[in-house]
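Please open the structure in a viewer and keep a selection tool at hand.

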Amino acid sequence: MGVGVDTDTDMTGSTALESVNDWPSHGGQAAALLQRFGLPADHPLEDFSANLNPHGPPSWVAHFLAERIHQLDQYPEPSYYAARQAIAAQEGVSVDQVLLTNGGAEAIFLAAAHHAGQRALIVTPTFGEYARACAAHRLTVTEHALTGPAFEVDAGELQVKAAEADVVFLCRPNNPTGTVVPVAVIEGLLAGLAPTASLVVDEAFIDLALAAEPLTSLLARHPQLVLLRSLTKFFTLPGLRLGYVVAHPSRIERLASQQPPWSVNHFAAELVAPLLADTEFATRTQQWLASEQPRMASALAGQGFEVVPSQSCFLLVRPGDALQRRGVTSGALFERLLKQGMLVRHTHSFPGLDGGWLRVAVRDSGANDRLLQVLNDCLC
């Protein structure tokens, strides 16, 4: 049955969820959505709302953790030196340029805490935790919106706004658009910042990007640059919460002074070195992404969707002109997919998108084909 006017969803996209605050602010929150749409808790779902590597966690991780279960009575090593050393070797920096964090979220909040009470600029639409962290630490926030259907950056306007901020938050590749701000624009931003200001670039998806040069090489010349990374997405370990910051040693020292002791649990810290050493997993992941991401982008465009040119493992889409003329909306399609067992990411919580788009994670080929088939059935 195609997407059309019915008793559940009209073509304005109006549903049982009437307030932005009613929508979960992250992907992977199936239970809340099932409840609000009146679906049973055991309603079968395939999750395309969380941007995680479908190949993970690596097969050896469960055994690795089980072998160390007797270490539950041990405190983590306070400096996390072994984990930081492994990251430093991977990134080509010194150990004192690395701070291990409880996932990428803690890194974001530490970066905001460093500029508590000051002025922040957030490049939107983007991950909502930057705004939450700024609110928690009393920063005054200004937004700079990416422009056009391809969500491009206006470098000149951004540089003007950035020069007036104490901290700039920018996601690269950006969540939810998958777009990548060029290195030259990053360097222009850094050149215009005050020495005490920070450019915080969240590179949580840099290892799940088709063509995005990491910014680590800029650290030596730009002490204002603060890079946030996540091991959660690439290794599919959201339950362990594992991330890190790479920055100038003086910035790392100040961020560390804001961090609670033993912030990262012992088992997560112990996993860092073997995870980074698993080159076979990394190669398999890169091969999957290079194959499946362009295939999904092309297939969705072929079904009549407007697809933002993404460089990462997710795609931001909305019904194109032909589908819109038929009355198809993102809101109606979201609910129809949910009822058909496919959970994609709504965009009500992303500033400027207002639910008008859907974010679709790229998964393994079998899952992707099932989503495409359900979409085709919905649109027929």
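Select F334 first: its relative accessible area is 3%, so F334 is buried (under 20% relative accessible area, with exposed over 50% and partly exposed in between; 1.4 Å probe, protein chains only). The model is predicted: local features need pLDDT of at least 70, side-chain atom pairs count only at pLDDT 80 or more, and totals for chains, interfaces and linings use all residues. Residues are numbered from 1 along each chain as its sequence is written, and side-chain values use heavy atoms, without hydrogens and water.

Across the whole structure, a search finds ten aromatic pairs (Phe, Tyr or Trp rings, the six-membered one for Trp, with centres within 6.5 Å; stacked under 30 degrees between planes, edge-to-face over 60, tilted otherwise). The rings of F37 and F334 have centres 6.1 Å apart and planes at 45°, so this pair is tilted. It links distant parts of the chain, 297 residues apart: F37 lies in the loop between helix 1 (30–36) and strand 1 (46–47), and F334 in helix 13 (residues 330–339). Helices (H or I, at least four residues) and strands (E, at least two) are DSSP runs numbered from the N terminus.

Move to F234 and F235, an edge-to-face pair with 4.9 Å between centres and 80° between planes; both residues are buried. Then select F127, Y130 and F169, which form one aromatic cluster.
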